[in-house]
Amino acid sequence: MAEDGEAGAGPGSVLIVGVGAWQGVGAALARLFTREGHPVVIAGRNAGKLEDTAARLTASGATVVAEVGDGALAEDARRFVAAAQALAPLEVVVHNAGSNNPAPFLKVSQERFEGHWREHVLGGFQTAQAAIPVLLERGGGTLIFTGASGSLRGKANFAPFAVAKAGLRALAQSLAREFGPQNIHVGHVIVDGGIAGERLLSRMPALAEQRGPDGLLDVDAIAEAYLVLHRQHRSAWTLELDLRPWAETF
């Protein structure tokens, strides 16, 4: 976070790219940052899920704007940033977009391989290129990318996802080294384990019971870690933070 007086007064806006279901990491981030007084723009490709999440946030009294689009498209990324800047000077940007579709390597199509790279790496690139000039004009801010265990190691059947997440991690490292000295805190969060959100539990509804209490990552607990990153004093910024359930092996 920028030092007091360097980036303007009052809560700035927060842009979260990659918001879907209410019980997901993106929506959890939106809930937390709005509770902390920030106006928030939520962006995603699924209009139905995005609008439902926006309606719930608005009903709680939050200031929220929903933007439907694809963060891997430069024009959409710029539109997301402009929507946040219209609410208040942009302060925090989170790139949380990207799916994971495991498959045996010899059955992975070029389209699927490129799709993973596009969602994760190109989406992170476009989001950063749109947001960083605005954060620099403000005097600083926070830019966080959501990673995964695939950022560090490739597992069988996860080649497209691991390649994409490793690329996103490298992007975050490069941006941190280039823009940290310009008062932009770049963070990369490795989410190492199953997330107790709609995406996983809709496919494996018995998994939470199988794993036991707190055996899956809680979406609201993940969001709290992002807020901690944003609030860190710049004399002790974290570039990479890894999160996993207490019972997870690593």
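Predicted model: local features only at pLDDT ≥ 70, side-chain atom pairs only at ≥ 80, totals over all residues.
The largest nonpolar core comprises 31 residues, and Ile16, Leu29 and Ile42 have the most contacts inside it. At least two residues of this core are supplied by each of the following elements: strand S1 (13-17), helix H1 (25-35), strand S2 (40-44), helix H2 (47-59), strand S4 (90-95), strand S6 (184-191) and helix H8 (219-231). Another core, of 27 residues, lies apart from it and includes Val17, Phe80, Ala130 and Val186. In soluble globular proteins, nonpolar side chains tend to be buried together.

Isoleucine 42 illustrates the surroundings of a residue in the largest core. When residues up to four places away in sequence are not counted, isoleucine 42 touches Ile16, Val19, Ala30, Leu50, Thr53, Ala54, Leu57, Val64, Val65, Ala66 and Glu67. Neighbours within four places in sequence being left aside, the contacts of glutamate 67 are Val41, Ile42, Ala43, Gly44, Leu50, Arg79, Phe80 and Ala83. Among these contacts, Ile42 is one of the residues with the most contacts inside the largest core, whereas Phe80 is a member of the core of 27 residues.

Two packed helices are described by the angle between their axes and the distance between the axes. For helix H4 (residues 110-138) and helix H5 (residues 159-179), the axes come within 7 Å and cross at roughly 15 degrees. Because angles under 35 degrees count as roughly parallel, H4 is roughly parallel to H5. The crossing in which H4 passes H5 is right-handed. On the H4 side, the contact involves Phe113, His116, Trp117, His120, Val121, Gly124, Phe125, Ala128, Ile132 and Leu136. These residues meet Pro160, Phe161, Val163, Ala164, Lys165, Gly167, Leu168, Leu171, Leu175 and Phe179 of H5. Classified by residue type, the contact of H4 with H5 has 15 nonpolar, four polar and one charged residues.

In the second pair, the axes of H1 and H8 come within 8 Å and cross at roughly 55 degrees. This angle makes H1 oblique to H8. The crossing of H1 with H8 is right-handed. H1 contributes Val25, Ala28, Leu29, Arg31, Leu32 and Phe33 to the contact, while H8 contributes Val219, Asp220, Ile222, Ala223, Glu224, Tyr226, Leu227 and His230. By class, 10 nonpolar, one polar and three charged residues take part in the contact of H1 with H8.

Asparagine 183, in the loop between H5 and S6, has a phi of about 75 degrees. The relative accessibility of asparagine 183 is 6%, so this residue counts as buried. Aspartate 214 has a phi near 60 degrees and is found in the loop between helix H7 (207-211) and H8. With 58% relative accessibility, aspartate 214 counts as exposed.

Arginine 199 is located in helix H6 (residues 198-203) and is likewise exposed, at a relative accessible area of 56%. Leaving aside neighbours within four places in sequence, arginine 199 is in contact with Gly98 and Ser99.

Definitions and conventions
Residues numbered from 1 in each chain as written. Heavy atoms only, no water. Contact = heavy atoms within 4.5 Å. Core = buried A, V, L, I, M, F, W, Y, C linked by side-chain atoms within 4.5 Å. Buried < 20%, exposed > 50% of the residue type's maximum accessible area, 1.4 Å probe, protein only. Helix = DSSP H or I, 4+ residues; strand = E, 2+ residues; numbered from the N terminus. Axes fitted to C-alpha atoms, helices over the stretch in contact; angles between N-to-C directions. Parallel < 35°, antiparallel > 145°, perpendicular 65-115°, else oblique. Left-handed = near helix turned anticlockwise from the far one by under 90°. Nonpolar A, V, L, I, M, F, W, Y, C, P; charged D, E, K, R; others polar.
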